[in-house]
Amino acid sequence: AGRVKREAAAIEESLTRGAEDLVATVSERLRSAGVDTDRIVDVAKEQATDLQRMIEEEIRERPLRALGLAAAVGLFVGFLSAR
């Protein structure tokens, strides 16, 4: 069990490093093409905050509807995963 945990940790570390390298490479290429990646991140954060706020308002105003939608999504995902 200990060996498996060490191997899993090594794989996770390797994947994390690879993902970080990929992000750095993509950011560098976008910047070299004249794309302001910092601005893109800021806009994405603003939109995520707005979306979160809208979802929270919807849940407060219509909790039963939100519960029904969540149940429907859960059933749909369950149906897809059962295939």
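At what angle do the axes of helix H2 (residues 37–61) and H3 cross, and within what distance do they come? They cross at roughly 115° and come within 5 Å. This is a predicted model, and the mean pLDDT of the chain is 90. The structure also holds eight salt bridges, some of which are described below.

**Confidence**

- In this chain, 100% of the residues reach a pLDDT of 70 or more.
- Helix H3 (residues 63–82) has the highest confidence, with a mean of 92.
- Helix H1 (residues 2–32) has the lowest, with a mean of 89.
- Where pLDDT is low, predicted coordinates should not be read in detail.

**Helix H2 against helix H3**

- Two packed helices are described by the angle between their axes and the distance between the axes.
- For H2 and H3, the axes come within 5 Å and the crossing angle is roughly 115°.
- H2 is therefore roughly perpendicular to H3, because angles of 65 to 115 degrees count as roughly perpendicular.
- On the H2 side, the contact is made by Glu58, Ile59, Arg60 and Glu61.
- On the H3 side, Pro63, Arg65 and Ala66 take part.
- Of the residues in this contact, four are charged, three are nonpolar and none are polar.

- Asp38 and Arg31 meet through their side chains in a salt bridge, at 3.5 Å from N to O.
- Asp38 counts as partly exposed because its relative accessibility is 46%.
- Arg31, at 48% relative accessibility, also counts as partly exposed.
- The side chains of Glu46 and Arg39 form a salt bridge with an N to O distance of 4.0 Å.
- Glu46 has a relative accessible area of 44%, so Glu46 is partly exposed.
- Arg39 is partly exposed as well, at 44% relative accessibility.

- Glu61 and Arg62 form a salt bridge in which the closest N and O atoms are 3.7 Å apart.
- Is Glu61 buried or exposed? Glu61 is exposed, because its relative accessible area is 55% and the cut-off for exposed is over 50%.
- Arg62 is partly exposed, with a relative accessible area of 36%.
- Salt bridges with shared partners link Glu58, Glu61, Arg62 and Arg65 into one network.
- Glu58, Glu61 and Arg65 from this network are also among the residues that make the contact of H2 with H3.

Terms used
Residues are numbered from 1 along each chain as its sequence is written. This is a predicted model: local features need pLDDT of at least 70, side-chain atom pairs count only at pLDDT 80 or more; totals for chains, interfaces and linings use all residues. Side-chain values use heavy atoms; hydrogens and water are left out. pLDDT is the predictor's confidence in each residue, from 0 to 100. Helices (H or I, at least four residues) and strands (E, at least two) are DSSP runs, numbered from the N terminus. Axes are lines fitted to C-alpha atoms, for helices over the stretch in contact, and angles run from 0 to 180 degrees between N-to-C directions. Angles under 35 degrees count as roughly parallel, over 145 as roughly antiparallel, 65 to 115 as roughly perpendicular and the rest as oblique. Contact means heavy atoms within 4.5 Å. Ala, Val, Leu, Ile, Met, Phe, Trp, Tyr, Cys and Pro count as nonpolar, Asp, Glu, Lys and Arg as charged, and the others, Gly among them, as polar. Buried means under 20% relative accessible area, exposed over 50%, partly exposed in between (1.4 Å probe, protein chains only).
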